[in-house]
Structures are given as structure tokens and as C-alpha cells.
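Hi,

Here is the structure for you to look over. My notes follow below it.

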Amino acid sequence: MMIQERILELTEYGLATGLVAPEDERYTVNRLLELFQLEELEDEVLVAHAKKPRMTQEQVKEALEGILAEMLDYAAEHGLMPENTITYRDLFDTKIMSMLMPRPSEVIRTFNHLYEEESPQAATDYFYKLSCDSDYIRRYRIKKDVKWTADTEYGTLDITINLSKPEKDPKAIAAAKLAKQSGYPKCLLCKENEGYAGRINHPARQNHRIIPVTINNSDWFFQYSPYVYYNEHCIIFNGEHTPMKIERATFGKLLDFVTQFPHYFVGSNADLPIVGGSILSHDHFQGGHYEFAMAKAPIEKEISFAGFGDVKAGIVKWPMSVIRISAKDKERLIELADKILLAWRGYTDEAAFVLAETDGEPHNTITPIARRRGEDYELDLVLRNNITTEEHPLGVYHPHARLHHIKKENIGLIEVMGLAVLPARLKDEMAALEQALLDGAAIRNDEVLSKHADWVEEFLPKYGFTAGSGLEGEITPEKLHEIVQTEIGLVFMEVLEDAGVYKCNEEGRAAFLRFVEYVNR
């Protein structure tokens, strides 16, 4: 009877969120009965459920995690899943939610109607709500992400410790290695993922919907990221499985997208390893309804480009090397952005350790970001270089080794704009570190915490403390936590400074201007 009650509650969730129309209530109940291999819904359960007060939208949102958890427990107990692991539970709960989903054609039709009759924002509001209500974006997992901000000389940076991606179960990892390697879908971004049941080594996507969009006269699709790092974090991907490439057409596509969706920004990861930080095998962009610290950063120095007097340009006050250009005519921006890109691809300045290529391997590329400012179009062109050396084998313009205890991963589009996506390990490590500092424990002797020792000894004196002396009674745990978060934010600022090709000092700015002069020549 428990599973019958959960079926009725999930159907009620569908009705409350609008996933299920009132006319489809019986149909949805019957589909769920079939999924759980049940032949009937008992009158006793129906009567008991009818006596309960109807839940509000907020109540059903909060209840969804518990409803699904009990359904999954039932499925495991009754052999409806091969094993009761996170991977198999995620495959099965997606199948459950698919029973509440409208067909892709219905979603596209509603989206287009709202776009045409109301506004682009009304269309994206609908689609984002659908992506959340369908549990494609698992809200109850996103809530687990640890988020805060850090004030720096470059503005207020966003910091997040990502906890929403479930850790793989060891059994699932082993099974995935033994599983047949399939080329369908070719990757997680391909359009063939829509409605796909998934497998042990590929997530289920039956509750996934995509919207076709034409940008720059080519076929692309629009969806949301299941791991929303910021508000309405969307992905726009090429209809064909084709590699990432930054070229003239890229600028046209980005600007065409913000023409159609002026309330969103959109940007592309770079197209080279190390500085790409993304799935380089499938051309795609990321966007959303959010203003990052980089977008708020002011112009530090105005510059001009020969033949483009109608285009405003400047170097942005930002730890990475950013040229901002803006104009009412997007074609002029495309023209200038292409000129800057082509110049940067072939640019070498040995004095600044900027090498276009070594041994035939190209190093220079751009991370572009587009947005609207009223009637104007704006492009931020972030200069990137992926050269490596013996001293910096992971990249010269990459987080340096002294910062790897906090951030070692590639600096992609999201980090470039000022949002740190830090590894899940840091949540437990920072909690243990704070306790060790309070207790006066020897951090260098701790196998896990020893990598943070140099950092701790560097920042504690700023607050009048010494590592190893024990802070119990000297500071509250809450204040110490605040200090650690502040210092993590400052580490991220240094990460961005390391990733900047031209440093924010007199020598770096002089080298930056040499490149601007080169473009003009």
C-alpha cells in the first residue's frame, strides 16, 4: 500500500507543478502502476489519500525527494533495479519522472508560443521551471552546494564547493569498466540524449528536453545544465557532434543568441586543452540569467583599434587579460573580434613569455563572452595561452602548484568570469582544518591536511594568530570559518591572476599594450 500511496503523491506533485494536466491524471497513475509492476490501485488507498489536504506547490517541491526515495527503496526491495546503488537509483528515478513528462513537441510548442506571444524571458522562465520540476535539475542536490562570496580588489567573487554531482559507487565504477562501450549518444551534449534511458556508464535522460534554436543560420539546441552553478545556467550546443572551435562564426553565433535572448549572457570555453576546461569534442556555449563579477568589472584603460572608431574598446580591470569591445552594430563587433582573434593566434612576444606555438603546437586562443547593454552589444575577449614548462607542467597560465591544495583543475569559462567551482573534498577538509586550528593540532603531521600547512602559516598572522598554538577560546568557530572562507576566496583571486597571460602590473600592462599595437599594425 505504501507504493500505491507514493504513486498518488507523485501524481499530485505532477498536477501541482503543471507537469501533469488534470485530464492526464488517471493516465499518469496507470503508467506508474505499470512501471512498478502493480495491477491495481486499491480503493482503501484512494479513500485515504482523498481525505488528505492537497499540498501546495512549495510543499510538493519539498516532498519530492522523500517520495522518490521511498519509491526507489521499494524498487530495490522488489528487484526492479539490478542493485541498490546511487547509479542505479539515478537511472530508475529518472525513469519514474519520465512518466510525468510532456512530449518534446509539446514543450517546444509551449516555449515558442510564450516567446512569440509574451517575451523571450517568459519562454525561458517556463523552460527552466520545467527542467527543475521534472527533476532533471535535482533541486534537493543543488541545495547541498556550499556557496559564499569573497570581496577582492577585482570585485566580489563567487565561490562554490560543488556537492550536487553524486559520487560514483565503487561497484558502479567497476561495472562501467566492464560495460560495452557504446557510441550512442556520442557524448553528454548530443541531441540524442533527449529521452535516452541511460546505462551504467551514461546518465538517464528520459526527463530531459531540448529546444531547437537557429543561431547564425545554423541548427543548435538549448537546454539547462543539470548542475546549475548559477541562475538559469544553460547550455547551447551544436546539432552536430563537431569539435569546439573559436572562429569568426563563433562571435556571430554568440551575438545572435543574445539578440534572441537579450536577458541572457552567453560565452564559449576556449578550444585548446588546459585553457578549455570543457568537453572539447562537441561545440557548445554556456549562458544564463546572471551577472558575474567580470561583467561588473570596469574598464581600466580605454584603447582604440584602427578603422573601428565606432567601437568602444578597453582593457578590463580583471586578473585575467580581457579586451572589452561594444557597439550598436554587432557586425562591427564580429569584424573586430575576428581581427583580434587572428592576430592573437599568431602573436609571439618572448619578453612576455607569449609564444604562439612550440614544435608546431598552437598555444594562443580566446574565451569570448557576449551580452547586451541596452541597445548595445558587448563582447569580452579573454586572451588565453596553454603553454607548459618543466616548472609548470600543467600550464604556465594555470593555477600554480602552491594553489593546488585548493584548486588544481582547468580554468574554464565559468571560473574566467569569477565563479570558483571547487572540488567536493574541500568541505570535509576545511571542517577538519578549522577544528585542528582550534585544537592546536599539528597540521603538517596530518596526511590529509598537510597540503594546507603553508597556506595556513601564511594567512593566520594576518589575524594575529600563529599556527599550532590552539585557537580555542581565542576565536569563535563561526569567526574562524568566516576567515577560512575569506582566504579561500583570495586563493581563487590568485588562481585567476596565475591564469592571466598579462599580469596586472606595470610590466604586464605594457606587454598588453604591445599586443594592441600589433593588432593595429
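F353 is partly exposed, with a relative accessible area of 34%. This is a predicted model. F353 sits in the loop between α12 and β11 (357–358). Its phi is positive, about 55 degrees, although F353 is not a glycine.

E232 also has a positive phi of about 55 degrees and is not a glycine. Its place is the loop between β4 (218–224) and β5 (234–238). E232 is buried because its relative accessible area is 7%, and buried means under 20%.

P185 belongs to the loop between α9 (170–178) and β3 (211–215).

Now the helix pairs.

α10 (residues 248–260) and α12 (residues 330–345) cross at roughly 145 degrees, and their axes come within 9 Å. The crossing is right-handed. On the α10 side, the contact uses R248, F251, G252, L255, D256 and T259. On the α12 side, K330, L333, I334, E335, A337, D338 and L341 take part. By class, that contact has 6 nonpolar, 2 polar and 5 charged residues.

α2 (residues 25–35) packs with α5 (residues 86–98) at about 150 degrees, with the axes 9 Å apart. α2 and α5 are therefore roughly antiparallel, since the cut-off for that is over 145 degrees. R31, L32 and L35 in α2 meet F92, K95, I96 and S98 in α5. This contact splits into 4 nonpolar, 1 polar and 2 charged residues.

Best wishes

Notes
Residues numbered from 1 in each chain as written. Predicted model: local features only at pLDDT ≥ 70, side-chain atom pairs only at ≥ 80, totals over all residues. Heavy atoms only, no water. Axes fitted to C-alpha atoms, helices over the stretch in contact; angles between N-to-C directions. Helix = DSSP H or I, 4+ residues; strand = E, 2+ residues; numbered from the N terminus. Left-handed = near helix turned anticlockwise from the far one by under 90°. Contact = heavy atoms within 4.5 Å. Nonpolar A, V, L, I, M, F, W, Y, C, P; charged D, E, K, R; others polar. Parallel < 35°, antiparallel > 145°, perpendicular 65-115°, else oblique. Buried < 20%, exposed > 50% of the residue type's maximum accessible area, 1.4 Å probe, protein only.
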